[in-house]
Amino acid sequence: MRLSIKIKWTVFISFIILFAYVVVSYVSIDTLRSVASEHVTYNFILKIIIIGVVVLIAGIIVSYVSVSTVLRSIYSINDTVDRINKKPDSDARIKLKRDKDEIYDLTVNINKMLDRMQNYTNQQKEFVGNVSHELRTPVAVLNGHLSMLQRWGKDDPKILEDSINSSLQELKRMESLIQEMLDLTRIEQIDEDYLNQVTEAKPLFDQIYNDFVLLHPDFHINFDNDVRDGSFVKIYRNHLEQIVIILLDNAFKYSKDRKEINFSTSTNSNELEVAIQDFGQGIPKKELKQIFNRFYRVDKARSRQQGGNGLGLSIAKRLVEVYKGTLTVESVEGSGTVFKLELPLKIEERDK
């Protein structure tokens, strides 16, 4: 048999009140017997019994009302959770009490959790929708080329070559998209061992600079590596390299007119600082807050031509957040963009 928590606690509290009253009454009667007559003692006992009945009834009423008041908030929480279970995308939230007690704190935390869950659900829906949209184009292109080749294109060497090249290009784009999606998934499941890793920063930046000099001989890279020797940053080496490469790739990708990049690194007492500046097309002010969103591209047509999937900056931003760093952007449309990265240094090495 399932008993309501209201009944359980009402009975329990009433029993405690009654028990305390009986103990006090027993002590009082026992004391009175030693100093008063039997008649006086008898009258006192009658009064004790009558008062006891009143106290018991009052205790039951007070207990019931008190427990009901506390449970009212729990019922509200339960009702809200039920509504969300029935409709997961509901924006229903628990109404906050005026009294800022433990129930109030619990309600605030549950509402915050529901906000995060809804935000996560919305992001997942958006992510799935974007992935479907991004894959639809290359699949349609491949299907079109293969259908054309199957019907008559294979007999024309020029059409055959163009179709094969276009299909290979779309396959590479799909491969890149799938790899970036896997990277995003892995970020959410980074092992604790990675979070405890440290990386010597200065040699890594020298290596990245040398790699990009070879990759982009037509560019002038102003490299200023002011990181102190022996400075260790609190991040797994491959992840730091991935972040910087994503930022540099973007800088080169959108610097078609003025082929110049500023790449500077330094350390202060607490953090590693990296700044990467290009002199390309820049980003409109109204779009700056959106560039870290998954699949977001400022210039969708140009990004597609350049092979961008709109996931690189999302990956970089999420990695930086996982390692308790910050990634910010400043841009002037038509003049260029600056990305600034800050990551915490390992304290032991910093203090040496």
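## How H6 and H7 pack

At what angle do the axes of helix H6 and helix H7 cross, and within what distance do they come? In this predicted model, the axes of H6 (residues 201–215) and H7 (residues 237–253) cross at roughly 35° and come within 11 Å. The crossing is right-handed.

On the H6 side, the contact uses Leu204, Phe205, Gln207, Ile208 and Phe212. Facing them from H7 are Arg237, Leu240, Glu241, Val244, Ile245, Leu248, Asp249 and Phe252. Sorted by type, the residues of this contact come out as nine nonpolar, one polar and three charged.

Thr199 belongs to strand S1 (residues 199–200). Is Thr199 buried or exposed? With a relative accessible area of 4%, Thr199 is buried.

Setting aside neighbours within four places in sequence, Thr199 touches Leu204, Ser231, Phe232, Val233, Ile235, Tyr236, Arg237 and Leu240. Among these, Leu204 sits in H6 and both Arg237 and Leu240 in H7, and these three also take part in the helix contact.

## A cluster of rings

Searching the whole structure turns up seven aromatic pairs. One of them is Tyr209 with Phe223: the ring centres are 4.5 Å apart and the planes lie at 10°, so the pair counts as stacked. Because Tyr209 is in helix H6 and Phe223 in strand S2 (residues 220–226), the pair ties together parts 14 residues apart in sequence. Tyr209 is partly exposed at 23% relative accessible area, and Phe223 is partly exposed too, at 22%.

Phe223 also pairs with Phe263, this time tilted, at 5.0 Å centre to centre and 35° between the planes. That pair links distant parts of the chain, since Phe223 is in S2 and Phe263 is in strand S4 (residues 260–267), 40 residues apart. Phe263 itself is buried, at 1% relative accessibility. Ring pairs join Phe205, Tyr209, Phe223 and Phe263 into a cluster, and Phe205 is also one of the H6 residues meeting H7.

## Charges over rings

The charged end of Arg258 sits over the ring of Phe279, 3.8 Å from its centre. Lys317 lies over the face of Phe292, with 4.8 Å to the ring centre.

## Helix H9

How many of the 11 residues in H9 (residues 312–322) are buried? Eight are, which leaves the helix mostly covered. The buried set is Gly312, Leu313, Ser314, Ile315, Ala316, Leu319, Val320 and Val322. Just past the end of H9, Lys324 takes a positive phi of about 65°.

Methods:
Residues are numbered from 1 along each chain as its sequence is written. This is a predicted model: local features need pLDDT of at least 70, side-chain atom pairs count only at pLDDT 80 or more; totals for chains, interfaces and linings use all residues. Side-chain values use heavy atoms; hydrogens and water are left out. Buried means under 20% relative accessible area, exposed over 50%, partly exposed in between (1.4 Å probe, protein chains only). Helices (H or I, at least four residues) and strands (E, at least two) are DSSP runs, numbered from the N terminus. Axes are lines fitted to C-alpha atoms, for helices over the stretch in contact, and angles run from 0 to 180 degrees between N-to-C directions. A crossing is left-handed if the near helix is turned anticlockwise from the far one by less than a right angle, and right-handed if clockwise. Contact means heavy atoms within 4.5 Å. Ala, Val, Leu, Ile, Met, Phe, Trp, Tyr, Cys and Pro count as nonpolar, Asp, Glu, Lys and Arg as charged, and the others, Gly among them, as polar. Rings of Phe, Tyr and Trp (its six-membered ring) pair if their centres lie within 6.5 Å; planes under 30 degrees apart count as stacked, over 60 as edge-to-face and the rest as tilted. A charge sits over a ring if NZ of Lys or CZ of Arg is within 6 Å of the ring centre and within 35 degrees of the ring normal.
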